[in-house]
Amino acid sequence: PRALEGGRSAGRPSRLAGMTSVNPFSGFSITVPSAMRTILLASIILAGSRVSGFLMAVSENALNTNGGSAGAGQPKGNSAVSSSRRRQSLTYLRKRLGGGPKDNLGPPPGTGIRKDGTNSIWAGDFLLLESLDKHLGLDVGDGRGVFVRTYAKSFMSRREVSLGRLVCDRWFAASRQKLWWMVPSWGDAASELPPESQFLLLRMSPPVEDEARRGEEGLETFACIIPMVSGPYRSSLRSGGADGDCLVSTIESGDAAVPCDKAADMCFIATGSDPYALLSDAFAAIAERTATFNLRAHKTLPPTLDYFGWCTWDAFYTDVTGDGILRGLDSLREGGTPAKFLIIDDGWQDVRNDDSIWIPPAKQRSPSEDHRRRQSVVSRLVDGVKAPIARAALKVQDAVEWYYRNKVDRAQLGSIHIRIWGFLANTVLKRRLLDRSARTMDYTKRLMSARAS
């Protein structure tokens with residue numbers, strides 16, 4: 001500016017005097033869509049949050065390194081007060097802006113079942129479920145445990161909700177194997193939990209090695225997760241997640257015409273040091289909550305419950321005979337456990353095979369017929385053609401059985417293996433599966449008479 005002013009004052013023409021101001025962006029405009037502006041704004045806010053978190057982390061590290069030491073000529077007490085105020089300000093900013101170092105994962109204050117700030121559930125001093133689904137809520141009104149409820153924006157007759165990553169030392173479960181039968185199972189990893197689990201007991205702490213101290217109060221920590229029936233919904237548990245280490249609750253009404261958007265009581269979670277007392281308290285809390293059943297302690301038990309009895313079904317199934325019953329009673333008496341009462345169970349009364357799904361067995365050839373076939377040239381040619389086909393059929397059968405045992409049997413509900421098997425079972429394998437069921441069990445037979453067999 002001074003040079004230009006000097007040039008003008010000296011009467012020398014300025015080289016810039018005759019130039020006109022030109023805007024290079026004149027007539028040029030950029031139209032940014034509203035969605036793009038929203039994305040850019042969100043990116044700027046996120047970047048600012050991360051930068052603020054980084055600056056807060058640097059400030060906290062400086063506070064931790066210097067330990068609040070006073071500077072030259074500064075009183076030590078004023079420095080401590082200043083450091084405390086700075087630390088409080090940083091904590092406030094972290095809560096408002098996000099980012100920065102997270103607190104160390106540790107149990108929140110208190111006892112029993114609690115949820116911390118990271119949306120995880122603790123059983124005592126042990127992490128039980130990490131990163132719950134955002135649609136879950138806890139009802140902590142009952143001091144014996146918490147009731148877990150779920151809600152969603154859409155109406156569905158079946159939904160699956162993640163309870164988070166399951167953490168425990170070992171678990172025991174009761175799962176529904178068939179429509180009418182449940183079996184026990186146990187394991188160390190959540191990925192081993194079978195579908196349709198309707199009871200789950202977990203040991204949170206490592207086992208006590210000293211047998212003399214086992215059972216002492218406070219030495220071990222257990223937790224239980226019990227699915228519930230809430231309104232039109234029933235719940236069950238299974239493993240899930242990308243690594244199979246998450247606990248998933250399947251909530252369903254069983255009828256597509258009965259949808260719902262919430263389950264007030266999806267499951268009950270409790271913890272304690274005595275597994276027997278833990279389960280007694282848990283079922284008492286559920287009984288009071290639902291008012292649909294009574295506890296065993298409040299029921300009148302039949303006197304035969306104190307007796308040892310024997311049912312003949314597992315010994316003979318439908319082939320029960322009088323001699324077999326007498327031999328069974330004698331063996332129980334000789335073993336020191338005589339039966340006080342007896343149930344003769346011959347199955348399904350008068351039943352016959354259901355011809356609509358039963359394939360009669362192939363007719364057996366007599367030795368003379370086999371000899372004639374071996375002497376016939378045509379029969380030998382036919383058998384020669386059938387032999388490789390039979391070997392190929394056996395290989396296919398072995399492959400199908402291997403696929404079922406190793407892939408389908410332990411597959412998660414809704415997985416690709418379940419869908420493939422469902423297609424095969426309703427098409428190419430349907431007849432053979434029905435035949436196998438008819439030959440191996442009595443459930444495919446029809447009741448022909450209501451009279452005793």
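The side chains of D142 and R144 form a salt bridge, with an N to O distance of 2.9 Å; the term denotes a side-chain nitrogen of Lys or Arg within 4 Å of a carboxyl oxygen of Asp or Glu. D142 is buried at 18% relative accessible area, whereas R144 is partly exposed at 29%. Here buried means under 20% relative accessible area, exposed over 50%, and partly exposed in between (1.4 Å probe, protein chains only).

The model is predicted: local features need pLDDT of at least 70 and side-chain atom pairs count only at pLDDT 80 or more, while totals for chains, interfaces and linings use all residues. Residues are numbered from 1 along each chain as its sequence is written, and side-chain values use heavy atoms, with hydrogens and water left out.

Across the whole structure, the search finds 15 salt bridges. Among them is the pair E130 and R165, whose closest N and O atoms are 2.6 Å apart. Strands (E, at least two residues) and helices (H or I, at least four) are DSSP runs, numbered from the N terminus.

R238 and E160 also meet through their side chains in a salt bridge, at 2.7 Å from N to O. This pair links distant parts of the chain, with R238 in strand β12 (residues 233–240) and E160 in strand β6, 78 residues apart. Both residues belong to a network of salt bridges that links R158, E160, R176, E196, R234, R238 and E252.

| Residue | Relative accessibility | Class |
|---|---|---|
| E130 | E130: 23% | E130: partly exposed |
| R165 | R165: 33% | R165: partly exposed |
| R238 | R238: 8% | R238: buried |
| E160 | E160: 36% | E160: partly exposed |
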